[in-house]
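Subject: Structure handover

Hi,

Please find the structure below. My notes on it follow.

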Amino acid sequence: MSATEIVRLTIDGTQVEVPKGTGLVEAALAAGIEIPVFCYEPRLGPPVGACRMCLCQVEPGPPKAQAACTLTAQDGMVVRTALTSPVAADAQNATLEFILVNHPLDCPVCDKGGECPLQDLTFRYGPGNTRMTFPKRTFEKPIPVSPLIALDRERCILCYRCTRFSEGVAEDGQLVAVNRGAGSMIATFGDEPYRAPFSGNVIELCPVGALTSTKYRFEARPWEIQDVPTVCGLCPVGCNVSATTREGKVKRILSRNHAELDNGWLCDKGRFAYSHLHAEDRLRDPLLRVRRRGFEEVSWERALDEAERLLREANGRIVTALSGSETVEHAYALGKLLRQGLDSHTAVFAEELSDALDAFRMPLSSIRDADVVAVLGDAPIVERAPIVDLWIREARRRGARVLYELDEEAVRGAKNAILVWCGPGGHGGATVAAHAQRLGASGAFYIPETANGRGVCDAWACAADMEPSNPDPVGLLVVSGDEAAANPGVRALAEKAERVLVISMFHGLAAGWADLVLPGTSYLERDGTYVNLEGRVQRLRRTVIPPAPDELAWISKLAERFGVEVSPYPSLVFEEVSAIAFGGIPYGEIGERAPLPPAAVANAPIDAPTGPPRSPGSGLRLVRYRPLFSGPAVERVPELEFQRPEPEAELSEQDGRALGIRNGDEITVRSNGTSVRLRARLSREMRPGVVRVADAHAGDLQPQVEVSK
């Protein structure tokens, strides 16, 4: 069958042409006709025809109504929906009546009320009254699926969207349907909490109010909220989201479904970590260290006076530690101030990315269509860029070969091979680009360790076009953001610095070692731009007003004191950066779904080390990683605590067999006289010679380790 073969069919008297094999639901939409559905969701895989809401009359075919979602468009097919067929209308009416037999009439208190497909379709297709006079079935409620999700079982219509997501998309297998017939119900496997990186997606998938967010439950009604389109700023994917606000506070985060980028899925960190905005130790005023009295709150005018004094007294011996979560505009403004106003040579704690990647630029969705995906580097992708892990899983389900060691023959022999680097920074971007060029891969992705590492790197280079140096001693350490403030390496540098200026959202991060602390803001409180791992420039939109001025506002005021012109408006700052780094893209043209720039042309061989790191000598090489559910923001969200990783060490199945270790065994990981006791987890997604441990459980282990039972 040709992929471009076109068929003609008639839907409610309207002729429509679609590619052969198109589902009837999509074919009807092409004709401007809606076929109502509950269970149907194309992102979940093949339809299951569970709810029967899409019943239509189809000719040629049997005289009874058929589930349109399970049928595909065929040439000459005649389809009549409930709009033109009494048979289909009666069938849909009966379906809704049956669904509502035990469904509670609690719309006024249901969190789904006002934005509920069942509510909408009942008004349009359902019976005007009920014939059922017996008591409705009730269950204990709410049932805690996890600390994040509550289940009101009597509302469930058994569409199986949630279980299909768990089994077929996230592949965690933790949400299941139990029992049979009228006793069927949704439950977690073994009645354990639903503990998985993407569990919150089942809340959005649920077409009724059965699965709800414990954090949003009873918090707002649809007519008193506003949804602000923005992007998630917690990992380098930059998922498109809507922030729901009420009375100046963020109440929930929903997906905006960018098909090229996130396919409508969100990890639980991006969905639930918004409540860090209301942390008890949130800073609202600057803090100044005063001898014998610790810190005291000061006015912004005095804080800027102190910042000016610290900068001038450093005499150019300034080191800047960047978090990689700054906006492009914030990073550029700070770099411009330090470079032009103070002529300081700064060592920057930020990732160095290679322009060579631009020659292999593709949307993340291209991973789904690859026939070979080679994952290079030993950090777990799901912990650094979880949506990329979902794209790789979908590629595998479609028949792609996923490699966790570089098999050059497999990559060269593939029609569509894609390389993904998820390892240490430094030359990682150039390395994966060099591999792609040498082996003829279609695309290459480098996954930064920080949310806007790529944008910050570009912005800083535009503002401070000079080689960084390491002044000794450091006159002033400028710590930009909570991620840098929580970094042990930055803390160690702070001990050697004469003075320390910290920009932080939280009191607990800087107290005890900073001389001046200026309140920071969250990505949900900023206007500006981020650059994601694809190289896509995306707009951040301020969803709520921060309790303190944003960074760009006070950097602009501080820059005036040094004769440097920095606009307080992100649009004007972006124009400066865009002219140098982004081809002059106007700020106003970065819409709600930013396009991906075209791939650049590689004119010369890429010079980079291409050999993967190997374990020197005997033993295993330790790979420490920062878990997804960690960091200053997540630590201030109690509901996410259960998502933090268990104390375990991950090894390849080959190493497990060689060492006589089975899954779940207690093992000892030791190096240079220190050791930790962990539980072993064997994985087929790791290459031999490596043991992977989360930072929180690795202690003082050195890179070369030995493992034993």
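I will start with one residue. Arg397 is partly exposed, with a relative accessible area of 38%. The scale here runs as follows: buried is under 20% relative accessible area, exposed is over 50%, and partly exposed is in between (1.4 Å probe, protein chains only). Arg397 forms a salt bridge with Glu171, and the closest N and O atoms are 2.7 Å apart. A salt bridge here means a side-chain nitrogen of Lys or Arg within 4 Å of a carboxyl oxygen of Asp or Glu. Arg397 sits in helix α10 and Glu171 in the loop between α4 (161-168) and β8 (175-178), so this pair ties together parts that are 226 residues apart in sequence. Glu171 is partly exposed too, at 30% relative accessibility.

Before the rest, the ground rules. This is a predicted model: local features need pLDDT of at least 70, side-chain atom pairs count only at pLDDT 80 or more, and totals for chains, interfaces and linings use all residues. Residues are numbered from 1 along each chain as its sequence is written, and side-chain values use heavy atoms, with hydrogens and water left out.

Confidence next. The mean pLDDT (the predictor's confidence in each residue, from 0 to 100) is 92 for the protein, and 97% of its residues reach 70 or more. Helix α10 (residues 386-397) has the highest confidence, at 98, and helix α16 (residues 507-510) the lowest, at a mean of 87. Helices (H or I, at least four residues) and strands (E, at least two) are DSSP runs, numbered from the N terminus.

Back to the salt bridges. The count comes to 52. Helix α10 also holds Arg396, which pairs with Glu685 in the loop between β29 (674-683) and β30 (690-694), so parts 289 residues apart in sequence are tied together. The closest N and O atoms of Glu685 and Arg396 are 3.6 Å apart. Glu685 is partly exposed at 28%, and Arg396 is partly exposed at 29%.

Arg681 and Glu650 form another salt bridge (3.5 Å, N to O). Arg681 lies in strand β29 and Glu650 in strand β27 (residues 648-652), so the pair links parts 31 residues apart in sequence. Arg681 is partly exposed at 35%, whereas Glu650 is buried at 8%.

There is also a network of salt bridges. It links Asp106, Lys141, Asp152, Glu154, Arg155 and Arg217.

Now the cavities. A cavity is a set of points on a 1 Å grid over the protein atoms alone where a 1.4 Å probe fits but cannot get out; lining residues have an atom within 4 Å of a point. Grid points are joined across faces, edges and corners, and a volume is the space filled by probe spheres set on the points. Seven cavities of 30 Å³ or more are counted.

The largest cavity holds about 110 Å³. It is lined by 15 residues, and Cys156, Cys159, Cys162, Cys206 and Leu211 are the closest to its centre. The lining has 14 nonpolar residues, no polar and one charged. For these classes, Ala, Val, Leu, Ile, Met, Phe, Trp, Tyr, Cys and Pro count as nonpolar, Asp, Glu, Lys and Arg as charged, and the others, Gly among them, as polar.

The second largest cavity has a volume of about 80 Å³. Its lining includes Ala307, Val478, Ile503 and Trp554. Elements giving two or more residues to this lining are α7 (300-313), α8 (328-342), β22 (499-504) and α17 (551-560). The largest share, three residues, comes from α8. This lining has 11 nonpolar residues, no polar and no charged.

Best wishes

Methods. 1 Å grid on protein atoms, 1.4 Å probe; cavity = no way out; pocket = protein on both sides within 12 Å on 5 of 7 lines; lining within 4 Å.
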